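Take a look at it, then read on.

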Amino acid sequence: MRSPMDIAGALSEAECAALAHVARGATGNALEVGHYLGRSTAVLLMALPPDVPLVTIDHHRGDDWCPETDVSVFRANVEPFVGGREFMDVEGDMLAAVSGLEQLPDFGPPYGFVFYDSDHTEAAVSAWWAAYRELLAPSCTLVFDDADWADQSILTALAVSDGFRSIRSRDLYRGPEDKRDPETFTLEVMRRDA
């Protein structure tokens, strides 16, 4: 069986392990925003409980940190991990996709588990939160990458204002080789209970 680490991506081994650990406890529907070539998606497909459907969104246009990608490469990368899980990928902008998510009976809100690893600018993070916060379940786990970046960390304050608290189990650390350092850990893990 392939490993998610066989897929190119910007999550370290420690981050993939932590994401898998948190995802194992997910309930309700799961949402991933930003999947690049599929490393994090493969982690989620392997770790989420079998009855938790996963929908993932990416525009594949690239940004300052990741080059443009082909959705067919993403799909080929994650296909071996899907198995019998209910899974849907949406190719499109996260803000344009929000209204379509509400129309998905099997994959739509409310979301009890969310992994955000899309545009890290303060404007994009704030716009995402404004558009998606009402789609999150009262009991929800929120995970996002690069929490040590100033613009991305605005999500912590936004989530706290909506009743989330940090449940991260270790300190943030970015190794000298960035994400190639297997111990790099920049995930924020937050939880809100009903």
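In strand β2 (residues 54–58), I57 sits opposite V33 of strand β1. This is a predicted model, where local features need pLDDT of at least 70, side-chain atom pairs count only at pLDDT 80 or more, and totals for chains, interfaces and linings use all residues. Numbering starts from 1 along each chain as its sequence is written, and side-chain values use heavy atoms, with hydrogens and water left out.

**Strand β1 and its partners**
- β1 and β2 pair in the parallel sense over 4 bridges (two strands pair if DSSP finds at least two bridges between them).
- β1 also pairs in the parallel sense with strand β4 (residues 111–116), over 5 bridges, and there V33 stands opposite Y116.
- Helices (H or I, at least four residues) and strands (E, at least two) are DSSP runs, numbered from the N terminus.

**How enclosed is β1?**
- 5 of the 5 residues of β1 (residues 29–33) are buried, so the strand is largely enclosed by the rest of the structure (buried means under 20% relative accessible area, with a 1.4 Å probe and protein chains only).
- N29, L31 and V33 point one way, A30 and E32 the other, and all are buried.

Key: Buried means under 20% relative accessible area, exposed over 50%, partly exposed in between (1.4 Å probe, protein chains only).
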